[in-house]
Amino acid sequence: MTEITRRNVLISSSALAAVGLLAACSTETESSASDESGASAAPTGQTQPSGPVTIAQVSDVPVGTVFAFTNPSDGVPAYLLQPATGKFLAYSAVCTHQGCIVNYDSTGMQFMCPCHGAKYDGTSGQPVSGPAPTGLTPISVSVSGDSIIVG
Ligand code: FES
């Protein structure tokens with residue numbers, strides 16, 4: 001029979017504390033999908049549809065406005081714009097710095113990243129300030145009747 005000594009109890013307590021600390025660390029790693037600002041990173045992509053997908057109606061995006069949608073080709077948030085009558089552009093909403101989702105500021109007519117302050121031109125999607133190395137990824141769209149289509 002094993003005698004329980006004060007030394008054995010202290011060793012067992014230390015081992016349990018170490019296991020608890022490791023568990024706490026792994027939980028921290030798994031839940032760190034957002035950065036210090038609380039902004040979320042881009043979601044992972046989804047399967048690609050096999051054909052064209054209607055993402056909006058022309059009336060959803062009046063001239064000078066943006067329309068948020070989910071890109072059917074990868075499941076990632078994106079924006080559709082109509083900067084001039086009949087001209088439609090779309091960009092991924094994933095910041096090219098570290099992958100946070102950008103917002104659209106209608107007052108400044110810019111895309112703004114909440115994570116580290118990158119700003120993109122509201123029409124071209126090109127970076128105008130901050131750490132973004134390149135412009136927002138363009139998405140090819142077309143118009144068919146009243147529908148705006150990706151793919
Ligand atoms: S992730 Fe957008 S500025 Fe860093």
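User: Which residue in E3 is the bridge partner of Phe 67?

Analyst: The partner is Leu 80. Keep in mind that this is a predicted model. As a general idea, strands in a sheet are held to one another by backbone hydrogen bonds, and the pairing is either parallel or antiparallel. Here, E2 and E3 run antiparallel and are joined by five bridges.

User: What is the order of the strands in the open sheet that holds E2 and E3?

Analyst: The sheet has four strands, in the order E2-E3-E4-E9, with antiparallel pairing. E2 and strand E9 (138-139) are the edge strands, each pairing on one side only.

User: How many bridges join E3 to E4?

Analyst: Five, and the two strands run antiparallel.

User: Over how many bridges do E4 and E9 pair?

Analyst: Over two bridges, in the antiparallel sense. Tyr 91 is placed opposite Pro 138 of E9.

User: Now the core. Which residues have the most contacts inside the largest nonpolar core?

Analyst: The general idea is that nonpolar side chains in soluble globular proteins tend to be buried together. In this structure the largest nonpolar core has 28 residues, and those with the most contacts inside it are Ala 78, Tyr 79, Leu 80, Cys 95 and Val 102. Strands E1 (53-57), E2 (66-70), E3 (77-84), E4 (87-92) and E11 (147-150) are the elements that give two or more residues to this core. E3 supplies the largest share, four residues.

User: With which residues is Ala 78 in contact, leaving aside its neighbours within four places in sequence?

Analyst: Its contacts are Phe 69, Thr 70, Asn 71, Ala 90, Tyr 91, Ser 92, Ala 93 and Ile 139.

User: Why does Met 112 count as partly exposed?

Analyst: The idea is to count the C-beta atoms around a residue: 20 or more within 10 Å make it buried, 12 or fewer make it exposed, and values in between make it partly exposed. Met 112 has 17 C-beta neighbours inside 10 Å, so it counts as partly exposed. Met 112 belongs to strand E6 (residues 110-112). Leaving aside neighbours within four places in sequence, its contacts are Val 102, Asn 103, Asp 105 and Lys 119. Ala 93 is 19 residues away from Met 112 along the chain, with 9.7 Å between their C-alpha atoms.

User: Why is Thr 54 partly exposed?

Analyst: Thr 54 has 14 other C-beta atoms within 10 Å, so it is partly exposed. Thr 54 is in strand E1, and beyond four places in sequence it is in contact with Ser 147, Ile 148 and Ile 149. The C-alpha atoms of Thr 54 and Asp 146 are 9.8 Å apart, although 92 residues separate the two in sequence.

User: What joins strand E10 to E11?

Analyst: Four bridges join strand E10 (residues 141-144) to E11, and the two run antiparallel. Ser 144 faces Ser 147 in E11. The pair forms a hairpin with two residues between the strands, and Gly 145 in the turn has a positive phi of about 65°.

User: How many helices and strands are there in the protein?

Analyst: One helix and eleven strands. Of the 151 residues, 23% count as buried.

User: Where does pLDDT stay under 50?

Analyst: Over residues 1-38, for which the model has nine contacts beyond four places in sequence. For the protein, the mean pLDDT is 79, and 67% of the residues reach 70 or more.

How values were computed
Residues numbered from 1 in each chain as written. Predicted model: local features only at pLDDT ≥ 70, side-chain atom pairs only at ≥ 80, totals over all residues. Contact = placed C-beta atoms within 7 Å. Core = buried A, V, L, I, M, F, W, Y, C linked by C-beta atoms within 7 Å. Pairing = 2+ DSSP bridges. pLDDT = per-residue confidence, 0-100.
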